[in-house]
Amino acid sequence: SEAIDFCEFYPLSMRTWNERPSIRCEPRGVVAVVTPWNFPLAIACGGVAAALAAGNTVILKPASETVLPAWLLCQAFWDAGVPRDALHLVTCDDEVAEAGLIRNPSVDVVILTGATSTAKKMLAARPGLHLLAETGGKNATIVTAMADRDQAIKHVVQSAFGHSGQKCSATSLLLLEDEVFRDEKFRRALADAVRSLRVGSAWDLATRIGPLISEPSDTLTQGMQILEDDESWLVVPEHVVGNPNLYFPGVKWNVRPGSFSHTTELFGPVLSVMRFSRLEAAIEIVRSTGYGLTSGIESLDDREIDLWQRTIHAGNLYVNRSTTGAIVLRQPFGGVGLSAYGPGVKAGGPHYVTALSHLSDAGTETAPAALATAALEVSGMQHEDIASRLSQWLLEQFNASKLSESAYQDIVSAISTQFDACREVFDTQHDTVKLLGQDNFRRYRPVRAITIRVTDTDTDSPCDLLIAISAAIVVGNQITVSVDRAVGGDTRTLIESLADELPGCVDPVDETMSELIQRVHDDQVSRLRLLSDHSPSAELWTACGDAFVTLVRDPVLRDGRIECLRYIDEQSLSHDYHRYGNLGRRAGEQRR
């Protein structure tokens, strides 16, 4: 069903962008789709469908364990009329794939679903690779003292042990508030629920925990066999004699922050339980893993839910429900931090196909300056102060001859579209399906530590610079403008003047390329925006790959809907607001 959803959704979303008059959408070229074994149909189909919808040629490279489903999938596309020249299937080991696909300059884009280490290896093999990667997760569910504890156990067991824990979205950390951690009834019920899962052959329909895909890795073996200080087993993950890949699920109790089981993705049937005293501390425990794929909370207190959903670091958020099973458009899927590399758009969401397209300005005429300025002031209703100050500052620069009339009109028109995009899309939550009993919001969050690099006044135009800076500001970022020491003249004057006008929003920093690279290594840059498509130094590409920092070098666009995407992450929030079917105070709410 998910594969079918992808095939229907991506062509429709691509049509929306093709019909947008302000941009021109062209294919990027050849897209290699590198897929894992654990969802052998849906993930492969999603990557292929999105890349084809954007007009690209596709090479599908499946995991070696799931070649047959990939072949049958390609056969279905070919039978449906997709030319064999447009979709190719390649089966090979990882070394051959690295040489023939990842390092191959004829491959323009790589879509990866796999481990964070695999994504880093690809970036090291080919600095400058245009990579869209959904990577690993160390996903946590927080259970507060205000939770329905029986319901929490049900959801956690589903999330931790479905697919034998072999889902990137699976709950692998269970954080319990002190009162819940000390609750013996909760302990017994959790242990009983885990022990009750039927373990056996995948051919037995009663089985809930089937075999692992292979014998446990050294990492998983350590997680299932070794206890660190003060840890104990609530449920021991025992091996089933006679099958090297079959294990009873385990629950490790009293895992400490910073320990192996806290910070390491195990990808198997083991759940690590930690304790916390304050919700803020639990959120920090989750953030400290560096990952940010899925996260859940179990609480009946709206204040706790509000604090958590505002501050948790994850791409897919789940409230009072299991943390797996994302559905196309309903809960677009993808993470942040070590759980994703790329432009921050989510699979199954409306912007995903834009990352597989080469976008450029359509060359439409800009509005006259007076009309553009008026549009900016109207569009900025939710950002009155910034809109007013930007409008006034731009007019001052124009009157002082720091900007030409054409540049002034171009910038103000672009900023006007940015405010429109924020008001219509990025400042609001979108629930497309409006299910009864479940909210499913798609929303947008500014990226921490955005840096915009200015290197050369011949290629990095002041017009592009101001459009990029304003896009980052209007979506809520505090940005660092990294200015090469050789940059001078009007460009430097404009940057310094804007920083004075919007203190706290724009922070200019004079630095060499070596100093910028050091800031990347020091985790002071989360996303780096270059203003032109000239190839950056190999050292910068390597540093960004090592630090898992996305480097954006697509052209600066006048369409605010697109340019603002460079500085935000999409986030999905799914909330079961019913309780055992009872809608409570929302029973009379109209959902359509």
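Helices (H or I, at least four residues) and strands (E, at least two) are DSSP runs, numbered from the N terminus. Residues are numbered from 1 along each chain as its sequence is written. The model is predicted, so local features need pLDDT of at least 70 and side-chain atom pairs count only at pLDDT 80 or more, while totals for chains, interfaces and linings use all residues, and side-chain values rest on heavy atoms, with hydrogens and water left out.

Confidence comes next. The score used is pLDDT, the predictor's confidence in each residue, from 0 to 100. The protein has a mean pLDDT of 93. A value of 70 or more is reached by 96% of its residues. Over residues 378–382, the pLDDT falls below 50. This stretch has nine contacts in the model beyond near neighbours in sequence, a contact being heavy atoms within 4.5 Å. Where pLDDT is low, the predicted coordinates should not be read in detail.

Alanine 50 lies in helix α2, which spans residues 42–53. Alanine 50 is buried, at a relative accessible area of 0%. Here buried means under 20% relative accessible area, exposed means over 50%, and partly exposed lies in between (1.4 Å probe, protein chains only). Leaving aside residues up to four places away in sequence, alanine 50 touches Tyr10, Tyr352, Val353 and Leu356. Leucine 68 is 18 residues from alanine 50 along the chain, and their C-alpha atoms are separated by 21 Å.

Leucine 68 also belongs to a surface feature. Together, Leu68, Trp71 and Leu72 make a nonpolar surface patch of about 320 Å². Patches are made of residues with over 30% relative accessible area and no salt bridge; like charges are joined within 9 Å, and nonpolar side chains (Val, Leu, Ile, Met, Phe, Trp, Tyr) within 5 Å. Accessible areas come from the Shrake-Rupley method with a 1.4 Å probe, and for residues only the protein chains shown count as cover. Tryptophan 71 sits in helix α3, residues 67–79. Its relative accessibility is 38%, and tryptophan 71 therefore counts as partly exposed.

The cysteines were examined for disulfides. A disulfide is a pair of cysteine sulfur atoms within 2.5 Å. By this rule the count is zero. Cysteine 7 is partly exposed, with a relative accessible area of 34%. Cysteine 45 is buried, at 2% relative accessibility.

Cysteine 544 is found in helix α19, residues 538–547. Its relative accessibility is 0%, so cysteine 544 counts as buried. Not counting residues up to four places away in sequence, cysteine 544 touches Val520, Leu528, Val549 and Leu551. Isoleucine 411 is 133 residues from cysteine 544 along the chain. The C-alpha atoms of the two are separated by 30 Å.

A salt bridge is a side-chain nitrogen of Lys or Arg within 4 Å of a carboxyl oxygen of Asp or Glu. The structure holds 35 salt bridges. In one of them, the side chains of aspartate 178 and arginine 275 meet at 3.2 Å, N to O. Aspartate 178 lies in helix α7 (residues 178–181) and arginine 275 in strand β11 (residues 270–276), so the pair ties together parts that are 97 residues apart in sequence. Arginine 275 is partly exposed, with a relative accessible area of 36%.

Arginine 198 forms a salt bridge with aspartate 204, with the closest N and O atoms 3.2 Å apart. Both partners are partly exposed: arginine 198 at 44% relative accessibility, aspartate 204 at 31%. Another pair joins arginine 303 and aspartate 301, with the closest N and O atoms 2.8 Å apart. Arginine 303 is exposed, at 67%, whereas aspartate 301 is buried, at 10%. A network of salt bridges links Arg28, Arg529, Asp554, Glu563 and Arg566.

Backbone angles complete the description. Most residues other than glycine have a negative phi. Alanine 449 has a positive phi of about 60° although it is not a glycine. Alanine 449 is placed in the loop between β16 (438–446) and β17 (450–454). Aspartate 523 also has a positive phi, near 65°. The loop that holds aspartate 523 runs between α18 (513–521) and β20 (527–530).
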